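Hi,

Here is the structure I promised to pass along. Have a look at it first, and my notes follow below.

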Amino acid sequence: MEKQIFDCTLVPAGLLLMAAYHIYLLYCVRNHPTRTVIGVNAFNRRFWVAAMMEDVSKNGVLAVQTLRNNIMASTVLASTAIMLSSVMAALMSSRNGDRSFGVVFGDKTALGISIKYLSILCCFLCSFLLNVQSIRYYSHASILINVPFKKMSLSPHSHHLTAEYVGATINRGSYFWSLGLRAFYFSCPLFLWLFGPIPMFLSCLLLLSMLYFLDFTFQSTWLSAASSDSKDNHHNNGDGGSLMV
């Protein structure tokens, strides 16, 4: 009973820390995107899409090859996730009696071991589904980025609207890919949970410290300068912009 107390305290504490960190990360991405790598990359992807669609005949091959590389990365993660899900399902179905490890410190009951295996299985299944959605959006974007917008309409807003939509599509694919990769990260504490709640809690702390340096950027001055320059240019060209509207 004393060993099960650690599972009832350390495991929820580790999960709560992970949830609190990602809520804070979501808040920063929504309100202070230039402080996060996700926000900075989202801005850069929109600029890249606009640059690629300036001259489709010259940049179309480069754009498609770049998106194809992203599709291949998502495909590798999706294939790995579904393979590991099959392995975990096989371990759950072929388990005879108590399959707890000798170094385990914590809950060794059959129900506890089954919950651990099921948690890892659900984590890999979520990663598979997220990466499949990433492939879906990248596949759509590979076609949309080569749309001849100049022949579709003579409106001065046609390029802007098309580039914004394609950029949003690519960003959605990247968001799903990041979530799928994050599910792989989250599987590490769940694996260590098989050896007990203490390794799981320590791995959560280590993972959070690593994700903090991966998710937040400390060199966003160039983006702030670029934003101020674009605002100055927009202010100087305000009369011309009002005529186009």
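**Cysteines, cores and a helix pair**

Cys8 counts as exposed, because its relative accessibility is 59% and the cut-off for exposed is over 50%. Please keep in mind that this is a predicted model.

Staying with the cysteines, a search of the whole structure turned up zero disulfides. Cys122 is in no disulfide either: the nearest cysteine sulfur belongs to Cys126 and is 6.6 Å away, whereas a disulfide would need the two sulfur atoms within 2.5 Å. With a relative accessible area of 37%, Cys122 is partly exposed.

Now to the inside. The largest nonpolar core holds 25 residues, and Tyr21, Met88 and Ile120 have the most contacts inside it. At least two residues of this core come from each of helix H1 (2–31), helix H3 (56–93), helix H4 (110–144), helix H6 (158–193) and helix H7 (197–215). H4 gives the largest share, six residues.

Which residues does Met88 touch, leaving aside its neighbours within four places in sequence? They are Tyr117, Ile120, Leu121, Phe124 and Phe191. There is also a second, separate core of 12 residues, with Val49, Met52, Leu67 and Ile170 among them.

One helix pair may interest you too. The axes of H3 and H4 come within 8 Å and cross at roughly 160 degrees. Angles over 145 degrees count as roughly antiparallel, so H3 is roughly antiparallel to H4. Their crossing is left-handed.

Enjoy exploring, and write back with any questions.

Best wishes

Conventions: Residues are numbered from 1 along each chain as its sequence is written. This is a predicted model: local features need pLDDT of at least 70, side-chain atom pairs count only at pLDDT 80 or more; totals for chains, interfaces and linings use all residues. Side-chain values use heavy atoms; hydrogens and water are left out. Buried means under 20% relative accessible area, exposed over 50%, partly exposed in between (1.4 Å probe, protein chains only). A nonpolar core is a set of buried Ala, Val, Leu, Ile, Met, Phe, Trp, Tyr and Cys residues joined through side-chain atoms within 4.5 Å. Helices (H or I, at least four residues) and strands (E, at least two) are DSSP runs, numbered from the N terminus. Contact means heavy atoms within 4.5 Å. Axes are lines fitted to C-alpha atoms, for helices over the stretch in contact, and angles run from 0 to 180 degrees between N-to-C directions. Angles under 35 degrees count as roughly parallel, over 145 as roughly antiparallel, 65 to 115 as roughly perpendicular and the rest as oblique. A crossing is left-handed if the near helix is turned anticlockwise from the far one by less than a right angle, and right-handed if clockwise.
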